[in-house]
Amino acid sequence: MKKHTLLFWVLVIFLCLSVTVCAENKIKFSNDLSTLDMNGVTYSRISAKYLYDDVYNDLHIDKIVIYEEYANLESYSLYTNDSESIIEANLHFSDGRNYSAKYLLNAYLSEYEDMLEGKTNEYVIDFEWPENNTVTAAPKKLIGTETVLYKNNFYSCDYFPVYAYSSDGTLCVAKGSLISFNNAYYYVDFTKINYTSEHFDPYAYDSLPAYKLSNEELIEQIVEAESLYHDDGIGFVMDNEFTDKLATLFFVFLFGIAPLAVAAVYLILSLRASGLYKKLYIAVCACGLATTIIFTALSVYISINS
Amino acid sequence: MLRKLLKYDLKSIINYWLIGALISVTLSVAGGFCIKLLTSERKMPTAVYVICSIAAFIAVIGFVIFTAFSVIIVYVRFYKNFFTDEGYLTFTLPVKRSDLINSKLLTAMIVEFITGVVAVVDVFAFLLIGMFDKEIIDAIKNFFAELWELIIENFDIYMLIYAVEIVVFAFLSVMTSILLICLCITVGSIITKKGKILVTVILYYIVNSAISTLYQLVFFFGSNNASRWFSIITEHDIKPVLASVGLLVIAFIGCVCIILYSLQYKLLDKKLNLA
């Protein structure tokens with residue numbers, strides 16, 4: 001009897017293992033391609049607007065089922081994120097049509113909608129350097145006085161992304177950008193400016209509607225995080241203000257003062273020289289003066305426009 | 001007189017240079033064929049692989065030696081002509097000091113230019129023979145066709161100004177580097193009687209390090225602030241501003257070049273002591 005029992009269990013285990021090995025990893029698309037089913041779990045197509053995702057893992061599928069009209073599927077590629085909450089599907093059909101879309105696990109759908117609508121308790125300002133240098137804030141704290149930033153104001157500004165995360169941290173939605181400029185902080189709301197691309201660049205705008213931050217507590221947190229961002233351990237390279245001054249001094253000396261001094265010296269020398277010496281000294285003087293004049297003209301142009 | 005001096009300067013160099021150029025081109029062509037053999041799918045004895053690898057290596061070394069040799073012979077001629085016993089003869093010639101300097105500078109410029117042409121031929125011969133592929137040739141053709149199209153499409157007066165500025169800048173840069181080496185040789189030969197070459201090398205090393213540091217500082221501060229400055233320039237002004245920056249650089253390097261020339265002239269005119 002014992003022998004039979006053992007044989008029975010061996011058979012059961014073998015059968016289970018066989019079934020596991022033979023189980024097909026299968027994706028089935030709905031007729032209108034609005035949903036897909038992967039091994040019994042349903043995903044829905046999303047616009048993927050503002051969604052920051054890490055969908056780079058190859059998803060290995062044994063079988064892909066698409067409704068009849070699209071039976072002539074030529075090739076496909078599927079990618080997913082670490083938690084398999086998002087699937088990116090790229091389908092290529094023999095008639096040349098290409099279809100690409102992102103699908104979100106149904107369990108996250110309502111939370112994603114809430115995140116898009118701003119119904120989130122907190123936003124995260126990511127300073128990106130050093131790692132995990134973030135400031136968490138309630139969305140309303142970011143909304144300060146309404147203002148408009150103009151392109152000329154953007155030079156040497158820093159800007160950091162503002163995200164909203166899902167409760168378990170799986171989904172990340174870009175909500176805006178924090179602009180640090182002239183010792184003040186401005187929040188640019190992506191929904192307000194209708195921004196949908198991946199990499200926000202304030203320099204691309206001539207004018208940018210923003211909110212000037214006024215919450216003191218939040219500003220203190222941001223100042224601290226920003227000081228960490230600027231701290232390279234040496235206090236030189238990343239210190240914008242110091243480097244700016246040093247660069248200005250350097251260029252003023254190199255292209256302004258030094259050529260002028262050379263021109264003055266060679267002018268005096270040329271007064272006492274004759275022949276080829278005189279010609280050479282006058283040429284040096286002319287080049288030195290030309291350098292100073294062009295440099296001054298460019299400096300004046302930059303000063304007027306900044 | 002300058003023409004005669006130039007003729008003799010070129011004559012004394014060109015024979016050695018021609019031999020070097022011929023060897024370099026031959027080695028590059030041979031090296032290209034060796035690379036082709038090495039990358040072919042045909043099965044060959046190991047000895048052939050070893051010989052081909054060595055030949056390709058020699059071709060590359062030959063190219064490097066040729067370019068270095070071409071530069072060195074010009075300065076060897078300069079040194080021998082002015083600062084050895086030959087100098088007595090050179091400076092008794094009924095020619096102006098400026099003609100002597102100009103002749104050497106023009107020779108150096110011409111040799112550097114033709115060496116550059118041969119270097120390009122070498123590289124193209126080596127790569128085109130070694131990696132001959134219709135797709136690569138087509139890609140190169142397409143690149144130049146697209147570049148030409150881009151130039152034609154965007155051609156305006158500023159394009160012409162930029163082109164002139166680039167040519168003038170290249171000319172002045174090469175001239176400055178030649179003058180710098182000549183000046184180091186002159187100073188090295190004037191301040192010491194023994195070990196002139198050693199002093200020259202040390203001088204050049206010091207001056208070159210100082211210039212490199214200056215370049216790095218310009219690059220460092222420039223790259224740090226370029227985006228800020230360019231964000232200030234309006235789209236309407238960008239072309240004239242760029243042309244002005246080009247002029248600024250040309251005026252600056254022109255100033256340096258003439259200072260070096262006048263120093264060189266003064267040293268040869270007033271401070272030379274061959275005794």
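A contact here means heavy atoms within 4.5 Å of each other. In chain B, residues 24 or more positions apart account for 81% of the contacts with a separation of 6 or more. This is a predicted model, in which local features need pLDDT of at least 70, side-chain atom pairs count only at pLDDT 80 or more, and totals for chains, interfaces and linings use all residues. Residues are numbered from 1 along each chain as its sequence is written, chains are lettered from A and ligands numbered from 1 in the order in which they are written, and side-chain values use heavy atoms, with hydrogens and water left out.

Chain B has eight helices and zero strands; helices (H or I, at least four residues) and strands (E, at least two) are DSSP runs, numbered from the N terminus. Read from the N terminus, its elements run α-α-α-α-α-α-α-α. Of its 275 residues, 35% count as buried, where buried means under 20% relative accessible area, exposed over 50%, and partly exposed in between (1.4 Å probe, protein chains only). The accessible surface of chain B comes to about 16,500 Å², and carbon and sulfur atoms hold 74% of that area. Such areas come from the Shrake-Rupley method with a 1.4 Å probe; for residues, only the protein chains shown count as cover.

Over all chains, the structure holds seven salt bridges, each a side-chain nitrogen of Lys or Arg within 4 Å of a carboxyl oxygen of Asp or Glu. One of them in chain B pairs Asp9(B) with Arg77(B), the closest N and O atoms being 2.9 Å apart. Asp9(B) lies in helix α1 (residues 2-39) and Arg77(B) in helix α2 (residues 46-83) of chain B, so this bridge ties together parts 68 residues apart in sequence. Asp9(B) is buried, at 2% relative accessibility. Salt bridges with shared partners join Asp9(B), Arg77(B) and Lys104(B) into one network.

In chain A, Lys141(A) and Glu217(A) form a salt bridge with closest N and O atoms 3.8 Å apart. Lys141(A) belongs to helix α3 (residues 139-142) and Glu217(A) to helix α5 (residues 216-230) of chain A, so the pair ties together parts 76 residues apart in sequence. Lys141(A) is partly exposed, with a relative accessible area of 30%, while Glu217(A) is exposed at 51%.

Glu146(A) and Lys192(A) also meet in a salt bridge, at 2.7 Å from N to O. This pair links distant parts of the chain, 46 residues apart: Glu146(A) is in strand β12 (residues 145-150) and Lys192(A) in helix α4 (residues 190-193) of chain A.
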